[in-house]
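Hi there,

Here is the structure I promised to pass on to you. Please have it open while you read, as my notes follow just after it.

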Amino acid sequence: ARLPDEKIHPVATGRAAETVAQHQDPQDLVFWSGWFCPFNQRVWIALEERGIPYQYKEVNPYKKEPQFLGKRVALNPKGLVPTVEYQGKALYESIVLCEFLEDAYPTYKPSLLPSDPYERARVRIWIDHVTKNLLQAWQRLLMAQDKAKADAARSDLYDAQRKFAAQVKGPYFVGEALSLADVMVAPWVAREYVLEQHRGYDRAAAGGEWKAYAERLCARESVVKTTSEADKLQVIYDRYLLDEAQSEAAKAIRSGQLMP
Ligand code: GSH
């Protein structure tokens, strides 16, 4: 039997489809992407912000078709998107990939890491906060099946967002320039409407600073041009909202663990 997660719309749509169309030519860097995936969007935003040449290839990570799986697992033992093939060698993990783009393409400006070592470390501390606190609460709220669980997750999410917002110098995390701290959180900010529509989330409840910051991120061109049509994404989120999703992330949250 086919996993329902395989029925995901096969390709990017809307503004994201235009971006895909502009990145079909072979390049040193092949971006194996799942259009719907927020981890994936981090790398996509970084590529677009910095104007790095890349070839876009769509993958549905839930499809276990052998010809796909063979290639994908060979590239990424975890079998996840995003995966990057750079000069024929594979790399994965969204945060590592964004850092790799900084190292491998130093002449592509703007850099998404500040030059000051203290500020670079501060960016990394708050990326860690996004990973360990903000995203976990986000996903728990999405998948919460009763009021008590939803209330607890929502309150943890507001708390994580408020703490993050207090660190934002404005307009972005380190100030005028966009940095990896913004890139790491942006895909989930751009999906907050799912929580608003289905889980009683209210951006303003995370504070005025978070609300203004979130609106700024959603309007950023690199975020807009890597975003597909909402109805295609909704099909995927419906399965999380009903707690039917079978992704590794869904299984982890369901068993009280951190997402992979
Ligand atoms: N920690 C990974 C990263 O940061 O890149 C997470 C990537 C991830 O979970 N990707 C999902 C995936 O490929 C799609 S959003 N899932 C396949 C599966 O669960 O089988």
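Let me start with a helix contact: Trp-138, Gln-139, Leu-142 and Met-143 in helix 5 meet Tyr-237, Tyr-240 and Leu-241 in helix 11. Sorted by type, the residues of this contact between helix 5 and helix 11 come to 6 nonpolar, 1 polar and no charged. Please keep in mind throughout that this is a predicted model.

How do the axes of the two helices cross? Helix 5 covers residues 117-143 and helix 11 covers residues 230-241; their axes come within 7 Å, with a crossing angle of roughly 80°. Helix 5 is therefore roughly perpendicular to helix 11.

Next, the ligand. It is surrounded by 14 residues, and the closest are Cys-37, Val-81, Glu-93, Ser-94 and Glu-248.

- Glu-248 uses its backbone, with an N or O atom 2.8 Å from an oxygen atom of the ligand.

How much of the ligand's accessible area does the protein cover? On its own the ligand has 520 Å² of accessible area, and the protein covers 92% of that.

Val-81 comes up again in the backbone. Besides being listed among the closest residues to the ligand, Val-81 is joined to Pro-82 by a cis peptide bond, with omega at about 0°. Where does Pro-82 lie? You will find Pro-82 in the loop between helix 3 (66-75) and strand 3 (83-86).

There is also a cis peptide bond from Gly-170 to Pro-171, where omega is near 0°. Pro-171 sits in the loop that runs between helix 6 (147-167) and helix 7 (180-189).

Although Gln-87 is not a glycine, its phi is positive, at about 50°. The loop that holds Gln-87 lies between strand 3 and strand 4 (89-92).

That is what I have for you; happy browsing!

Key
Residues are numbered from 1 along each chain as its sequence is written. This is a predicted model: local features need pLDDT of at least 70, side-chain atom pairs count only at pLDDT 80 or more; totals for chains, interfaces and linings use all residues. Side-chain values use heavy atoms; hydrogens and water are left out. Axes are lines fitted to C-alpha atoms, for helices over the stretch in contact, and angles run from 0 to 180 degrees between N-to-C directions. Helices (H or I, at least four residues) and strands (E, at least two) are DSSP runs, numbered from the N terminus. Angles under 35 degrees count as roughly parallel, over 145 as roughly antiparallel, 65 to 115 as roughly perpendicular and the rest as oblique. Contact means heavy atoms within 4.5 Å. Ala, Val, Leu, Ile, Met, Phe, Trp, Tyr, Cys and Pro count as nonpolar, Asp, Glu, Lys and Arg as charged, and the others, Gly among them, as polar. A residue is near a molecule or strand if one of its heavy atoms lies within 4 Å of it. A polar contact is a pair of N or O atoms within 3.5 Å; within protein, one must be able to donate a hydrogen and the other to accept it, and residues adjacent in sequence count only if both atoms are side-chain atoms. Accessible areas come from the Shrake-Rupley method with a 1.4 Å probe; for residues, only the protein chains shown count as cover.
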